[in-house]
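Dear colleague,

I am handing over a structure for you to look at. Notes on what was found in it follow below.

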Amino acid sequence: MGNNLLLIIDMQNVYLPGQPWSCPGILSAWEKIEALLNSKNTYFENVIFTRFLPTDNPKGTWADYNREYRDINENPWMSEMIPACKPYLEQYPLYTKHQYSSYTIPEIQELAKKADHVVLAGVVAECCVLFTAIDCMDAGSKVIYLKDACAGQNPDTEATVERLLHCHEPMHIQVMSCEDYTHLHD
């Protein structure tokens, strides 16, 4: 099976349908993630959830970002993890980041260095997931991007992310479906 790290990135209420930063495929992506977590096979040595929260002392453009999105940032419900994640947060850790990339979290850096593959799922495909993929690749980790377990703000941007990541196959990354991933490990 190997030592694989699953990063479940930013499955927060603000990305649910009808919310300000809606990712229409978030619930479908969650179904794929949940199926992996509930599988009888153990696909992952480690599973980590991440969430984005603004920092109290933003620097540079992050100060502008916090001003622009103050109404969202100051609404605690928007930052909460989606309800379907909550039972899994009793079993797996949740780390907070203040930038797009989950790789900025020291604990993730350490586990990623030891992992055979860093497997990415979550939202927003064209932002936090993409930045995490790039940082992981730059650090020398082999990355698997689960395209049906990631959701973006629209199908066009999701497809653009896939095209960009395909440019780095097979050396740095593999883009695949959850079904393809599970078949690798059957």
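Glu74 is exposed, with a relative accessible area of 57% (exposed means over 50%, buried under 20%, and partly exposed in between, with a 1.4 Å probe and protein chains only). The model is predicted, and local features need pLDDT of at least 70, side-chain atom pairs count only at pLDDT 80 or more, and totals for chains, interfaces and linings use all residues. Residues are numbered from 1 along each chain as its sequence is written, and side-chain values use heavy atoms, with hydrogens and water left out.

Glu74 forms a salt bridge with Arg70, with 3.6 Å between the closest N and O atoms (a salt bridge is a side-chain nitrogen of Lys or Arg within 4 Å of a carboxyl oxygen of Asp or Glu). Arg70 counts as partly exposed, at 42% relative accessibility.

The structure holds 6 salt bridges. Another of them joins Asp148 and Lys32, whose closest N and O atoms are 3.9 Å apart. Asp148 lies in strand 5 and Lys32 in helix 1 (residues 26–38), so this pair ties together parts that are 116 residues apart in sequence. (Helices are DSSP runs of H or I with at least four residues, strands are runs of E with at least two, and both are numbered from the N terminus.) Asp148 is partly exposed at 22% relative accessibility, and Lys32 is partly exposed at 36%.

Lys113 also forms a salt bridge, with Glu110, at 3.6 Å between the closest N and O atoms. The two residues are 3 apart in helix 5 (residues 106–114), which puts about one helical turn between them.

Where is Glu162 placed? Glu162 is in helix 7 (residues 155–166). Glu162 is buried yet has no salt bridge, and Lys147, the nearest side chain of opposite charge, is 4.3 Å away (Lys and Arg count as positive, Asp and Glu as negative; His and the chain ends are not counted). Leaving aside neighbours within four places in sequence, Glu162 is in contact with Tyr145, Lys147 and Val175 (contact means heavy atoms within 4.5 Å).

Val161, Glu162 and Leu165 are buried in helix 7. Seen down the helix axis, the buried residues of helix 7 fall within an arc of 100°, so they line one face (the arc is that of the directions from the helix axis to the C-beta atoms). The face turned away from the buried side carries the exposed residues Asp156 and Arg163. The cover over the buried residues includes helix 6 (125–138), strand 5 (143–151) and strand 6 (173–176).

Regards
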